[in-house]
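Here is a short briefing to read alongside the model. Keep the viewer open as you go through the topics.

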Amino acid sequence: MIRAEWVKFRSVRGWVVAVVIAAVAIVGLAVDGGSQGSCYGNSCAQLTGPGGEAVSDSFYFVHQALTGNGAITVRVTSLTSAVRSARTGTQRVVVPWAKAGIILKASLTPGSAYAAIMVTGSQGVRLQDDFTGDIAGPAMRAGWLRLVRSPGSVITGYASADGTRWTRVGAVTLPGLPAILQGGLFTTSPQWTQTSLGVAAITGDASQSTAVFDHAALTWRGGTWTGTDVGGSPGGPAAGPATGYSRVGGTVTIVGSGDIAPATSGPSGLGVTPAQTLAGAFIALIILAVVGAMFMTAEYRHRLIRVTLAACPRRGRVLAAKVVVAGLVAFVAALAGTAVAVPAGERVLRSHGVYLPPLTALTETRMIVGTAAALAVCAVLAVAIGTVARRGAAAIAAVVALIAAPYVLTVSIPVLPLGAADWLMRVTPAAAFAVEQTTVQYPQVDDVYAPAYGYFPLAPWAGLAVLCAWTAVFLTLAAVTLNRRDA
Amino acid sequence: MRRAIRAEWAKAWSDPATPWLLAALIVLSVSVSGVTIGTARYSATLCPAAACGQDPARLSLAGVYLGQAVAALAGVLAIGGEYATGMIRVTLTAIPRRRRLLAAKALVLAGPVLAASALALGAATLTGVIVLPGHGFTVGHGYDLASWTTARAWCCATLYLTLVAVLGLGVAAAVRDSAVATGVALGLLYLFPIAASAIGDQGLQRRLEQIGPMSAGLDSQTTIDLHGLPLAPWAGLGVVALWAAGMFVLGGVLLRLRDA
């Protein structure tokens, strides 16, 4: 039975050519060049934090060397942010994750270990450490902050509205912290992004924040304060907003720009994910869906179905054989494409100076095999829909509306608003493309977490399960209608 | 010609798929537009003075992204269905002048698609004009929704859907199989933006956006930041018209040269 279906498939030259084109398209769009970056060799190696993840670490730091244990207490009287762009001039904005407060850092080298307590633009007081740690404190936009280093490299953060009644925000342990730290006041202000028309049009600019501190007390023996622009501005000194600090009497004003946070893949962060190497999967999806649907509808069109059913009257078996052949052919072709596309695409992107977050072998295998599996199940779904619809155009329209349209509207040409995009990627068969997910979403980083940037609302295998559920429903429907109806 | 049109009209409306397709075109376009209008919010922070970033007309017309798939399908089925059933031989026996037949088919297809698109997109645009000012897209923020540029966007979007249907007809006449034609037509529409987004070279990317039928057609619906567009609005619609005309002529030539 399976051999008969395989012979049928093989004997249609157009289908074989189409499947080969699908595999070639996956590879072709992966190695066509992609985006351009500015990291060549080691000249701009992406910063990594103590945990090995990609981070950004740039802020304005007014610091001195602090030996051993002690505490710093400051009062932040105001934190204001502004965005300056050539198009619209300077505007005051609320940057939710603008940060100002106290930081204790292992060294002035970007990416080194740290703990910091801060007020933020709209997220209240936060105690953060080593880029990924984030503990929420009271919801204040200004006020008193205290950071204490105790024996055993334990750093405790406190906050207070009036300077007398203190709330303990939390404590973090930073193993391997050196005896001499750089400690002091800091201000930073991440990229400000606004999206329109879904995420198809994104406008964003570097923001700058100004924090005023009017009280700074140390239990350490006081040294002299030095101002350092840690990490520098991302685009060099000329490109970024002016940063610096000034001191009038007991009041210190610090202007900073940048972020101390894990790097995300959205437009405010790296702007690139390894999933971009699989852009061609969409073309393969359309081709494989068309071939899958025609594998069944062509039988009806040429009345071959009568011969097929005469040769094998057990109709369920005919359907099963078609499903096996279509699924296997699609899987092998797609796997051949993705297995070349992902490593080759990553190499091309890296050779163009684009930084890609490091991937484990397991994640990469999941991307390669998962995408091939998703395409194969899509082909099976197309066979099932083709059996139900019996007419080629109707079947393909249904497949396109169910799988391709949600994928296009949320990933390829993301015009839908974020809420609608997330919803589509949960309930439609296109959810299966969550197998391409390689990124982590951090609540303490403001970015556009959209499917278009590799942030899918479902876990990879859950997404594939949604597609399989759709396929199971349509296969059942196909088996029932095939048995019930005259051919 | 009049007889050919009357014959095609009778055939089109005796096919139960026709009213369903037009209904799907209206429902899908209006619902995508409705969701987009409902979730769009003006953000006063980056552009408090002038209209920028979000284009209210394009937000209202977001349904075109999905509606075009139905329009293309309607075009494909207008002739593809005849090849599937063998009806095409009867048709050509009745109307042997093949160019006349294809022209009649195009007219019978374009009329209802134009009317359905105008209705659906008119409703979407009107909803946008009424609802979006409540979401911050006000005259005070530099958006003038009730203007002739909004009417132009609606007009261009309606013509765009009609041209996409004609393009589908041309492709189906050329490949003679509705399934393949649907794949080709949708591939043609969605391929250019995807290829453009995957290509790094800015110049090549812009060129692909200029010649791609979908990106050029969507440019024609823009009402703000016109100088930043790859193509001026009417030029964008012209590119779509060239694609539709090209496919239509190709289909006509092949229909004339080949046996049915």
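Local features need pLDDT of at least 70 and side-chain atom pairs count only at pLDDT 80 or more, while totals for chains, interfaces and linings use all residues. Residues are numbered from 1 along each chain as its sequence is written, and chains are lettered from A and ligands numbered from 1 in the order in which they are written.

**Confidence**

- In chain A, confidence is highest in helix α9 (residues 460–484) of chain A, at a mean of 93, and lowest in strand β14 (residues 201–205) of chain A, at 60.
- Helices (H or I, at least four residues) and strands (E, at least two) are DSSP runs, numbered from the N terminus.
- Over residues 234–239 of chain A the pLDDT stays under 50, and the model has 5 contacts for them beyond four places in sequence; a contact means that the C-beta atoms of two residues, placed from the backbone, lie within 7 Å.
- Where pLDDT is low, the predicted coordinates should not be read in detail.

**Overall layout of chain A**

- Chain A has 9 helices and 19 strands.
- Of the 487 residues in chain A, 53% are buried; buried means that 20 or more other C-beta atoms lie within 10 Å of a residue's own, exposed means 12 or fewer, and partly exposed is in between, with C-beta atoms placed from the backbone.
- Among the contacts in chain A with a separation of 6 or more, 75% are between residues 24 or more positions apart.
- The domain assignment (bounds come from an automatic or database assignment) gives domain 1 (2–37 + 271–484) and domain 2 (55–262) of chain A.
- The centres of domain 1 of chain A and domain 2 of chain A, taken over C-alpha atoms, are separated by 45 Å.

**Nonpolar cores**

- A nonpolar core is a set of buried Ala, Val, Leu, Ile, Met, Phe, Trp, Tyr and Cys residues joined through C-beta atoms within 7 Å.
- The largest such core has 178 residues, and A289(A) and L375(A) have the most contacts inside it.
- Helix α7 (residues 148–175) of chain B gives the most to this core, with 18 residues.
- A second, separate core of 55 residues includes V95(A), M118(A), L181(A) and Y245(A).
- Leaving aside neighbours within four places in sequence, A289(A) is in contact with residues including C378(A), A382(A) and I403(A).

**The seven-stranded sheet**

- Seven strands of chain A make an open sheet in the order β8-β7-β6-β5-β12-β2-β16, with antiparallel pairing; two strands pair if DSSP finds at least two bridges between them.
- β8 (133–136) and β16 of chain A stand at the edges with a single partner strand each, so one side of each has no neighbour in the sheet.
- From one strand to the next, the twist averages 25°; axes are lines fitted to C-alpha atoms, for helices over the stretch in contact, and angles run from 0 to 180 degrees between N-to-C directions.
- Strand β2 (residues 59–67) of chain A pairs with β16(A) in the antiparallel sense over 5 bridges, and Y60(A) has D229(A) as its bridge partner in β16(A).

- All 7 of the 7 residues of strand β6 (residues 114–120) of chain A are buried, so the strand is largely enclosed by the rest of the structure.
- In a regular strand the side chains alternate between the two faces of the sheet.
- Y114(A), A116(A), M118(A) and T120(A) point one way from β6(A), whereas A115(A), I117(A) and V119(A) point the other way.
- Strand β5 (residues 99–105) of chain A runs antiparallel to β6(A), joined by 7 bridges, and K99(A) has T120(A) as its bridge partner.
- Strand β7 (residues 125–129) of chain A is also antiparallel to β6(A), with 5 bridges, and the bridge partner of A116(A) is Q128(A).
- β6(A) and β7(A) form a hairpin with 4 residues between them, and G124(A) in the turn has a positive phi of about 75°.

**Two residues to look at**

- G223(A) is in the loop between β15 (207–218) and β16 (226–230) of chain A, and G223(A) is exposed because 12 other C-beta atoms lie within 10 Å.
- G223(A) and Q64(A) are 159 residues apart in sequence but 6.5 Å apart in space, C-alpha to C-alpha.
- T73(A), in strand β3 (residues 70–85) of chain A, is partly exposed, with 19 other C-beta atoms within 10 Å.
- Not counting residues up to four places away in sequence, T73(A) touches W144(A), R146(A) and A217(A).

Methods. pLDDT = per-residue confidence, 0-100.
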